[in-house]
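I opened my notebook to record a few look-ups.

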Amino acid sequence: MPEPQPGARPADGSTPGTEPEQDPAVADEPTSPPVPPDLPEPSDQPDPPDQPEPTATAEVPAPRWSGSAPVPPPLPRRSVWGESAEPTPPPPVPVGPPEHQTPVDPWAGVDTGGWDLPSAELPPLPPTMSYPRPPDTRQWSGPPASPAGPHPVPPPAAPSAPRAVGPMVPARPVSPPAPQKAPKVPKQRWGRSSTAPPPTPPPGWQAPKGYVPVPVRRRRRWPWLLLLTLACCCGCPAYYGFPISAQYPARAALPAQVDDLSLRQDNRSTETAKTLENEVRKEHWLAEDTFAGVYSTTSGKLVTVFGGTGFRVSPESDAEAEISRLTTRYALDAPESVDTGVRGRHERCAVGSADGSAVVVCTSVDHGSIATGVFTRLSVADSADLLATLRAQIVQPERG
């Protein structure tokens with residue numbers, strides 16, 4: 001290879017020692033191919049002829065002007081309001097119709113010479129068994145005779161020739177019969193015995209040794225619901241209604257003698273009895289009958305009794321109201337409840353004064369009547385007992 005002569009210019013006309021600007025990627029590549037190993041070393045080559053050595057004072061030529069300045073990289077673009085932050089995907093590459101595409105052989109490069117495979121011989125099928133011949137059906141003998149009259153019977157047909165036996169067609173499978181439903185056992189109602197006969201032992205059955213038949217006791221089914229209904233519908237009204245029926249209606253009449261008490265008939269006693277009877281009628285305007293009288297004993301004890309008959313819903317509240325009405329007249333103390341021993345009858349007693357002497361006022365009320373007594377020179381217990389005696393003699397229930 002000839003060596004470059006000194007003073008010669010390169011073919012592109014550039015100044016020696018000045019290299020043209022190249023792309024960085026191109027500049028990094030090797031400028032010359034690698035030297036093969038069989039080539040002689042540079043030291044072994046003969047020295048070139050004498051060449052003038054460059055002097056140290058030679059000026060280095062300036063690089064050629066490229067005509068452009070370095071451009072800084074562009075700043076990132078700000079996103080516009082409403083623009084998505086995700087990058088926009090590139091548009092899809094349009095794909096042409098299939099007839100314009102290059103066909104591809106799927107079996108290219110595949111050995112397809114081994115498709116002829118030897119097939120194994122299958123064993124022959126067993127012979128098909130023929131079905132038995134069905135019996136001949138009876139020929140149709142014509143429609144049944146109508147009750148209007150006999151019809152002419154057609155002559156019997158000539159016997160047909162025997163049919164040729166051919167391949168039998170398999171009979172159509174018959175569906176199994178539908179299962180029969182068990183008969184419903186009638187429900188046994190209360191108070192009715194079952195009409196089914198008792199179960200009998202199977203034939204040939206023998207009882208074990210020592211077995212003694214015991215009759216089965218039929219369990220009684222009491223209609224508890226019916227009994228409870230009757231108790232609620234009849235028991236409750238009877239419990240609360242018996243005192244009312246035993247105490248109402250009632251009639252009242254003053255007897256002339258009650259034990260050691262005698263009814264006084266003088267003018268003053270008669271006038272006092274009429275005044276008390278009018279007060280009872282005025283206070284108890286639903287009363288059916290009223291009574292009032294003054295009794296006395298030989299020892300000088302006075303007993304004034306008054307009241308009336310009529311239906312009363314709440315005897316207890318009526319007894320308290322009567323004692324409250326008489327509190328002002330007789331200056332009564334706090335009333336006391338007295339046990340009468342009769343259901344539906346309530347009694348109240350209180351100590352007071354009348355005309356300067358101590359008195360005991362007791363009132364007894366039930367569903368059919370009210371009786372009030374004013375006693376002198378008696379205790380509360382004796383006054384309650386005496387009022388019960390007077391009430392039994394004066395008020396008489398009509399149903400008693």
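**Entry 1: the model.** I noted before anything else that this is a predicted model.

**Entry 2: the largest pocket.** I asked how much space lies in the largest pocket. I found about 640 Å³. Next I looked at its lining, which has 21 residues. The closest to the pocket centre are Arg-268, Thr-272, Leu-302, Thr-304 and Asp-355.

Which elements give two or more residues to this lining? I listed helix 3 (267-283), strand 5 (302-309), helix 4 (315-330), strand 8 (357-365) and strand 9 (369-376). Helix 3 gives the most, with four residues. I then sorted the lining by residue type. I got nine nonpolar, six polar and six charged residues.

**Entry 3: strand 4 and its partners.** I turned to strand 4, residues 289-296. Is it mostly covered or mostly open? It is mostly covered, with seven of its eight residues buried.

I checked which strands pair with strand 4. Strand 3 (residues 261-263) runs antiparallel to it, joined by two bridges. In that pairing, Leu-263 has Tyr-295 of strand 4 as its bridge partner. Strand 5 also pairs with strand 4 in the antiparallel sense, over eight bridges. Here I picked out Phe-291, whose bridge partner in strand 5 is Gly-307.

Strand 4 and strand 5 form a hairpin, with five residues between them. In the turn, I saw that Gly-300 has a positive phi of about 100°.

**Entry 4: Gln-247.** I found Gln-247 in helix 2, residues 224-247. Why does Gln-247 count as buried? Its relative accessibility is 7%, so it falls under the 20% cut-off.

I followed its side chain. The side chain of Gln-247 reaches the backbone oxygen of Arg-343 at 3.1 Å. I left aside sequence neighbours within four places and looked up its contacts. Among them are Val-342, Gly-344, Asp-366 and His-367.

**Entry 5: Arg-312.** I located Arg-312 in the loop between strand 5 and helix 4. Why does Arg-312 count as buried? Its relative accessibility is 12%, so it too is under 20%.

What does its side chain touch? I recorded a polar contact of 3.3 Å with the side chain of His-284. Another polar contact, of 3.4 Å, joins the side chains of Arg-312 and Asp-318. Leaving aside neighbours within four places in sequence, I also found Arg-312 in contact with residues including Val-365, Asp-366, His-367 and Ile-370.

Asp-366 and His-367 are in contact with Gln-247, and Asp-366 and His-367 are in contact with Arg-312.

Terms used: Residues numbered from 1 in each chain as written. Predicted model: local features only at pLDDT ≥ 70, side-chain atom pairs only at ≥ 80, totals over all residues. Heavy atoms only, no water. 1 Å grid on protein atoms, 1.4 Å probe; cavity = no way out; pocket = protein on both sides within 12 Å on 5 of 7 lines; lining within 4 Å. Points joined across faces, edges and corners; volume = space filled by probe spheres on them. Nonpolar A, V, L, I, M, F, W, Y, C, P; charged D, E, K, R; others polar. Buried < 20%, exposed > 50% of the residue type's maximum accessible area, 1.4 Å probe, protein only. Pairing = 2+ DSSP bridges. Polar contact = N/O pair within 3.5 Å; in protein donor to acceptor, adjacent residues only side chain to side chain. Contact = heavy atoms within 4.5 Å.
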